[in-house]
Amino acid sequence: MKKKCIKNINYGFLALILVIFMCVLTLFVKPIIGMADDGDFFRIISESNLYYLQGKNAQNFEGYFDRNYGIYKYNNENPQIIVSTQTIIVKLAVFIYRVINKDYIFDIRYLAFLYMIVYAIGAYLIVKVLTHDIKSNKFKLFITALFVFIFCDTGYIAYFNSFYGEAANLSFFLLSMGILLYMYKFKKYTILNLIMFFVVSLIFVGSKQQLSPVGILVAIVLFRLFMTNKEKKFRYISLAFIIMIIASSLYFYKSISGDFDYINRYHAMNRGVLLYEWKPDDILKQFNINPQYSMLEGTVDFNKVPIIDPDSEKLKKEFYSKYSIPSILVFYLKNPRVFGKMINFAIVNGYSIRPKVLGNYEKEAGKPYGKKSNFFSLWSTIKDRFIPHNTFLTIVALGIYLYFAVKRYLLAIKNGDEDTQLFEEAFVYIFLVGLSQIFISVIGAGDADLGKHVFMFNVSFDMMFLYSVSLIIKNIDGKEHKDEK
């Protein structure tokens, strides 16, 4: 009877239930876990008809997590700071809150609930796909448990109780991959699935401006879907989506302007190109910038006592106007040693899911300022403390993965196995999403806030790890059942 019950388990649905359970336990039950604000929240809440409650943010800045925010009763006169699809999710959460409640105090857990639902559906699809070809229930259960162990780590889901873009990055990326892998595994190339993949991917790409170049990768995936399905209507829609995702990516990239652009470029130069260089004066001369600005090397835009006001007209005229992100890229290509230094910084920070200075508790929980939760955080702890943060070893590990991936791909081509080809291509896409963030982060903002900027590298690494384990288990499972016969 017990064996029959285990045999009838839907492991995708089990993953969904476990993800919801862990999210509820972490995000909704006291002591509530979330992420303290480092100053980034204003960019999103100001455009979502929300505001900081009087004195609350100033008191809890970086150290304590706030779950309550005011809702504007009348007009919101804040100017638009950034363009982000994340505001769609936040506004939807505020709308749901106002339907249920009559007051004007927004509880951020309504937003966490939306992220949780998206995340749980993504978990369902991914686990369903990865366990489909495995016959042994113990191995299916192991894959399900491993997914929950990795992706329900507090380092990940604490972002859901925040206004950081990482929450949208994580939830919508996993859902988009779940939809794509589901289409590939079960040959469900329907127009509905295509639309869902496009919409979810668009929200993912538009949730954070540094992800805008990823739209090109999504366009390539859509073109592969176009090649896979010969139905005319499916193909026409695929082509339309390819054009739309490329246009949207360009729009998201071009929307980086004003103060936000100056902040990024300030860090790209002073926390990137000039960082720890012996002759910063000579480097500035290459950009036709007055060498006296080498004194800004290593500084950050938000210093309480800045050497010079980062927003001053003098700096805009004599400093920012002399270079751009493309010119910094050209400099790095001409100076691979400097570029290698920055890539190394990014990879060293690429295994830390949790920002080091941000607290997880509300002040009322009575925890010390900046205290982090240790609840269900073993995976993030292992990655942070025990995996060598070494560029060489990272390249070796990725090289080993790619070697076997190419080997599987070539074998699939030889055997005419298109399903395996598509699957391997999907994980190459995941790999490239993570790798792109390493390069985009250091070129666009130097080492400023690298732990958050390379967040998607962590997600991609963990997805590839989960897939690699599932392949090993699938091989062991196949041998076991072969021996039984």
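Me: Is K185 buried, partly exposed or exposed, and at what relative accessibility?
Reply: This is a predicted model, where local features need pLDDT of at least 70, side-chain atom pairs count only at pLDDT 80 or more, and totals for chains, interfaces and linings use all residues. Residues are numbered from 1 along each chain as its sequence is written, and side-chain values use heavy atoms, with hydrogens and water left out. Buried means under 20% relative accessible area, exposed over 50%, partly exposed in between (1.4 Å probe, protein chains only). K185 therefore counts as partly exposed, at 22%.

Me: With which residue does D133 form a salt bridge?
Reply: A salt bridge here is a side-chain nitrogen of Lys or Arg within 4 Å of a carboxyl oxygen of Asp or Glu. For the D133 pair, the closest N and O atoms are 2.6 Å apart. The partner of D133 is K185.

Me: Where do D133 and K185 lie, and how many residues apart are they?
Reply: Helices (H or I, at least four residues) and strands (E, at least two) are DSSP runs, numbered from the N terminus. D133 sits in the loop between α6 and α7, and K185 in helix α9 (residues 165–186). The pair links distant parts of the chain, with a separation of 52 residues.

Me: Is D133 buried, partly exposed or exposed?
Reply: The relative accessibility of D133 is 33%. D133 therefore counts as partly exposed.

Me: How many salt bridges does the rule count, and which residues are linked in a network?
Reply: The count comes to 18 salt bridges. The network links K30, R67, D107, R109, E362 and E364.

Me: Which parts does the pair R67 and E364 tie together, and how many residues apart are they?
Reply: The closest N and O atoms of the R67–E364 salt bridge are 4.0 Å apart. R67 is in the loop between α4 (56–60) and β2 (68–71), while E364 is in the loop between α17 (336–348) and α18 (378–385). So the pair ties together parts that are apart in sequence by 297 residues.

Me: In which helix do E318 and K314 both lie?
Reply: Their side chains meet in a salt bridge (3.2 Å, N to O). They are four residues apart, about one turn of the helix. E318 is partly exposed at 28%, and K314 is partly exposed at 43%. The helix is α15 (residues 313–318).

Me: Of the residues in the largest nonpolar core, which touch the most other members?
Reply: A nonpolar core is a set of buried Ala, Val, Leu, Ile, Met, Phe, Trp, Tyr and Cys residues joined through side-chain atoms within 4.5 Å. The largest has 117 residues. Helix α6 (residues 109–131) gives the most to this core, with 14 residues. The residues that touch the most other members are F163 and Y429.

Me: Which residues does Y429 touch, not counting residues up to four places away in sequence?
Reply: Contact means heavy atoms within 4.5 Å. Y429 touches F173, M177, F204, V214, L217, V218 and V221.

Me: What separates the C-alpha atoms of A145 and A15?
Reply: A145 lies in helix α7 (residues 137–151) and is partly exposed, at 41%. A15 is 130 residues from A145 along the chain. The C-alpha separation is 7.7 Å.
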